[in-house]
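Please open the model in your viewer and keep the selection tool at hand. The tour moves from stop to stop, saying what to select and what is found there.

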Amino acid sequence: MQDFGAAFGEAFALLLGFDPALMEIIGLSLRVSLTAVFISALIGLPLGAVLGVSRFRGRALVLVLLNTLMGLPPVVVGLLVYLTLSNAGPLGPLALLYTPTAMIIAQSILVTPIVAALARQTIEDMHAEYDEQLRILGVGRGGMVATLLWDARYSLLTAMLAGFGRAIAEVGAVLIVGGNIHHVTRVMTTAIALETSKGNLALALGLGVVLLLLAVVINAAVMGLRATAARWAHA
Amino acid sequence: MPFDAPTPDRKDGQVLPIIGRGLVLERAGRRIIDNVDLAIESGGISIIMGPNGAGKSVLLRLLTGLLNPDAGSVSWAGRRPDRTRAPSVGLVFQKPVLLRRSALANIRYVLRGAGRAERRRRAEQALARAGLGHLARSPARMLSGGEQQRLALARALAPDPDVLLLDEPCANLDPAAAGAIEALIRDARDRGTRIVLVTHDVAQARRLADDVTFLHDGRIVEQTPAASFFDKPSSSAGRAYLDGRLLID
Ligand SMILES: Nc1ncnc2c1ncn2[C@@H]1O[C@H](COP(=O)(O)OP(=O)(O)OP(=O)(O)O)[C@@H](O)[C@H]1O
Ligand SMILES: [Mg+2]
């Protein structure tokens, strides 16, 4: 275990020296997960909002499904995306397997239900309060959704941060569809798994520290958003 | 960009008179509104009075098309209520619902048509008229109860509606604030907005009313010019209400 201290020292040296290999991996992680969150927001926010303001037959079933999808195991998503993108799969001709795009697709599938389900809850509560007021102003369905999305923006950003937290920390899906290829699809989590098994603790620890820091930043952002929301009586 | 209300051309349709015919609303086997006929023609201030639970708030929701009656019908200028004409019918709820935005943004939200600068100018003007100019940037939901009620009224008046229905706009207000609201109401009336006001404040009703509708148990038991209601109410329910005797049966 005397290795451990040395590994830590080395890890910080890599971090403080902005080691190119390390930075490449961090950069790809951020690019993949941020893009996935962006796509998830584009799909999940309107979906959650529409579910929050409408009543239709089978809605309860859709909500149960959505809440179930929130807890999808990343490896299962990875497997399904793999099957879809592999040579024999329906999207095989696009040759996306083992590319960052495949990883973005997998993470978007993981994160979209989270964003949609959290948005649905927020929007539904706010809709109960706003509905009559907006109807009396002559605001239609589309305007209602837009107004709710805007007025719920702090809660919705929090939902997106939750989604980002899940994406950046996830290893199963990106490993299966990305393949952990050096310089191409290696991200923080898959690199940690590999480097640890190779005994290259310094790099693994350095990446682990970055992941932890990101978690701290995310949580600080969530708290900041809550405080801002409270100041505007968004509660 | 914050989303603002859409821009229907509200001059494409008149809404007066607003007429309710044979209105019935039932909930849980009980008639909350029981065969009510009511006409709101142009000009003046009508007051709706009645004890708690009489159905006053529900009646306003029926007249504005927020609720559909189980029987009977509501018409605005001869046609069913519709969304494009909704901006001509203002309603301030008993519990005002303010958007999670600044006081100014709450008013800007309902102003349509005009360009950005023009909307801003009109919103500032409406705030100032309600004595809230100094609170323009404050989060609306952080205002005091009385300030929120004034803001809700200012917002309802900003689009210059043809009719404004007010559900106890002065509940919880100090005398000066109530006076300020009364002044805003009179001012709107003088500019041609038809006012329908629900209030429990007899003195206020006396000051403002042209006519009084007295509602009890979901039924209109009296509908008369103001003078005759306050001096010699014809219904025993109205008399009891004015005497401050509780109407529990
Ligand atoms: N959606 C609803 N479902 C069931 N009952 C309702 C509903 N809305 C109103 N009621 C009932 O209808 C009756 C009339 O309610 P309403 O709010 O119109 O009274 P009100 O005359 O405005 O009283 P107040 O002076 O206390 O404001 C009440 O007994 C209330 O419980
Ligand atoms: Mg009421």
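Predicted model: local features only at pLDDT ≥ 70, side-chain atom pairs only at ≥ 80, totals over all residues.

Residues are numbered from 1 along each chain as its sequence is written, chains are lettered from A and ligands numbered from 1 in the order in which they are written, and side-chain values use heavy atoms, with hydrogens and water left out.

**Stop 1: the sheet of chain B**

Select the strands of chain B that make up an open sheet of 6 strands, in the order S5-S6-S7-S3-S8-S9 and with mixed pairing; strands pair if DSSP finds at least two bridges between them, and strands (E, at least two residues) and helices (H or I, at least four) are DSSP runs numbered from the N terminus. The edges are taken by S5 and by strand S9 (219-225) of chain B, each with a single partner strand, so one side of each has no neighbour in the sheet. From one strand to the next, the twist averages 15 degrees.

Now colour strand S3 (residues 45-49) of chain B, which runs parallel to strand S7 (residues 194-198) of chain B and is joined to it by 4 bridges; Ile47(B) has Leu197(B) as its bridge partner in S7(B). S3(B) also pairs with S8(B) in the parallel sense, over 4 bridges, and there Ser46(B) is partnered by Asp211(B).

Is S8(B) buried or exposed? Of its 6 residues, 5 are buried, so S8(B) is largely enclosed by the rest of the structure; buried means under 20% relative accessible area, exposed over 50%, and partly exposed in between (1.4 Å probe, protein chains only). Follow S8(B) into S9(B), to which it is joined by 6 bridges in the antiparallel sense, and you will find a hairpin with 2 residues between the strands, where Asp217(B) in the turn has a positive phi of about 55 degrees.

**Stop 2: the magnesium ion**

Select ligand 2, a magnesium ion coordinated by Ser57(B) through OG and Gln94(B) through OE1, at 2.0 to 2.2 Å. Donors are N, O and S atoms within 2.8 Å of the metal (3.2 Å for Na, K and Ca), and because water is not among the atoms, sites may look incomplete. Ser57(B) lies in helix H1 (residues 56-63) of chain B and Gln94(B) in the loop between strand S5 (89-92) and helix H2 (103-108) of chain B, so the pair ties together parts that are 37 residues apart in sequence. Ser57(B) is buried, at 18% relative accessible area, whereas Gln94(B) is partly exposed, at 38%.

**Stop 3: ligand 1**

Which residues are closest to ligand 1? Among the 14 residues that surround it, the closest are Arg30(B), Gly53(B), Lys56(B), Ser57(B) and His200(B), where near means having a heavy atom within 4 Å. A backbone N or O atom of Gly53(B) lies 2.8 Å from an oxygen atom of ligand 1.

**Stop 4: across to chain A**

Finally, select Asp151(A), which is found in helix H6 (residues 141-151) of chain A and is buried, with a relative accessible area of 0%. Its side chain makes a polar contact with the side chain of Arg101(B), at 2.7 Å; a polar contact is a pair of N or O atoms within 3.5 Å, and within protein one must be able to donate a hydrogen and the other to accept it, while residues adjacent in sequence count only if both atoms are side-chain atoms.

Note on methods: Axes fitted to C-alpha atoms, helices over the stretch in contact; angles between N-to-C directions.
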